[in-house]
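The model is predicted.

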Amino acid sequence: MSERVRRSFDRIAAQYAADFADELSRKPYDVDRLRAFATRCGGGGVVLDVGCGPAGHVGRFVADLGVHVVGIDISERSLALAGRLNPSMRFLIGDARALPVRSGACAGVVAFYSLIYEGADGTGAALAEFCRVLRPGGVLLVAVHAGEGVHHFADYKGMAVDVDLHLWAPAAFQALVRRAGFTLEAVEARPPYPFEHATERLYVSGRASRPPAEPPGCSSSA
C-alpha cells in the first residue's frame, strides 16, 4: 500500500476507529459471512485480518468466535489504537503486498475493504501474498466495493487525506483472485446499507489451491 495511504490513516485513525468500531452491529449480512468464515477456518491455525484498521473490529468479531486472529496494518497509529481497543489480540505492522508471515503459516485471511486502494497490479500482488501465507486449503474472505472507476478522497471529516478508492467489476476481481492461486467458492453482492458509502459491496470467498512459495528474506512467523 502506498505511503500516502499510510500517512492518511495515521492522521485519521482516532476518528476512523470511533466511526467504525461498532459497525458490525448494524451489518447482519457481513456478520453472517464472517461467522461462516470462522467456521471454515476450524481446526486451528492463525487467521490474519489484513488491513485491520484502528478499530480492529472485523478481526475481533472472528476472534470472539474462538479463532486465533492476528491483525495486520500498514498504519502505526492505527495499530496502536487497535491494540488498546483489543488487548487480547496480537497486531503486526505490515504491507498487504509483503506480509511479515512465513509461507503456509495461516488457516485463513480476511480482508474487509483493505484491497480498495490499489489498481490491478497492487491488488494482485496482495492476493498472491495472501495465497503464500495460507496453508493448502486455507480460507480467504475478501470484501471490496463493486463498480467501475476510481474515486479520489482528499478530506475525511475535515482532516486531509490522499486516497483513491478503486471500484471492482466482479468479473475482473474474480480473475485476480483466481490468478493469485485461489479456487473460488462464493461470489456475492449486496446493496449498501443506508449509513454506508453508496456503492454495492462484493464478497469473494475461496481456498488456497497453489502451494505457497517463500519469498527471499521472509522468515517471520505469525
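## Burial and helix H1

A residue counts as buried when its relative accessible area is under 20%. Phenylalanine 9 has a relative accessible area of 13%, so it is buried. Other buried residues of H1 include Val5, Ile12 and Ala17.

Helix H1 spans residues 3-20 and has a kink of about 65° centred on alanine 13, which is itself buried. The buried residues of H1 pack against helix H4 (76-85) and against strands S6 (150-156) and S7 (159-166).

## Aromatic pairs

The count of aromatic pairs is nine. In one of them, the ring centres of phenylalanine 9 and tyrosine 117 are 5.7 Å apart with planes at 75°, so the pair is edge-to-face. Because phenylalanine 9 lies in helix H1 and tyrosine 117 in the loop between S4 and H5, the pair ties together parts 108 residues apart in sequence. Tyrosine 117 is buried, at 13% relative accessibility.

Phenylalanine 112 and tyrosine 203 also form an edge-to-face pair, with 6.0 Å between centres and 70° between planes. Phenylalanine 112 is in strand S4 and tyrosine 203 in strand S9, 91 residues apart. Both are buried. Ring pairs also link Phe9, Tyr16, Phe20, Tyr117 and Tyr156 into a cluster.

## Charges over rings

Arginine 26 lies over the face of phenylalanine 195, 4.1 Å from the ring centre. The charged end of arginine 33 sits over the ring of tyrosine 29, at 3.5 Å from its centre.

## Positive phi

Most residues other than glycine have a negative phi. Tyrosine 113 has a positive phi, near 65°, and is found in the loop between S4 and H5. Lysine 157, in the loop between S6 and S7, has a positive phi of about 55°. Tyrosine 113 is buried at 13% relative accessibility, whereas lysine 157 is exposed at 55%.

Notes. Residues are numbered from 1 along each chain as its sequence is written. This is a predicted model: local features need pLDDT of at least 70, side-chain atom pairs count only at pLDDT 80 or more; totals for chains, interfaces and linings use all residues. Side-chain values use heavy atoms; hydrogens and water are left out. The bend at a residue is the angle between axes fitted to the seven residues ending there and the seven starting there. Helices (H or I, at least four residues) and strands (E, at least two) are DSSP runs, numbered from the N terminus. Buried means under 20% relative accessible area, exposed over 50%, partly exposed in between (1.4 Å probe, protein chains only). Contact means heavy atoms within 4.5 Å. Rings of Phe, Tyr and Trp (its six-membered ring) pair if their centres lie within 6.5 Å; planes under 30 degrees apart count as stacked, over 60 as edge-to-face and the rest as tilted. A charge sits over a ring if NZ of Lys or CZ of Arg is within 6 Å of the ring centre and within 35 degrees of the ring normal.
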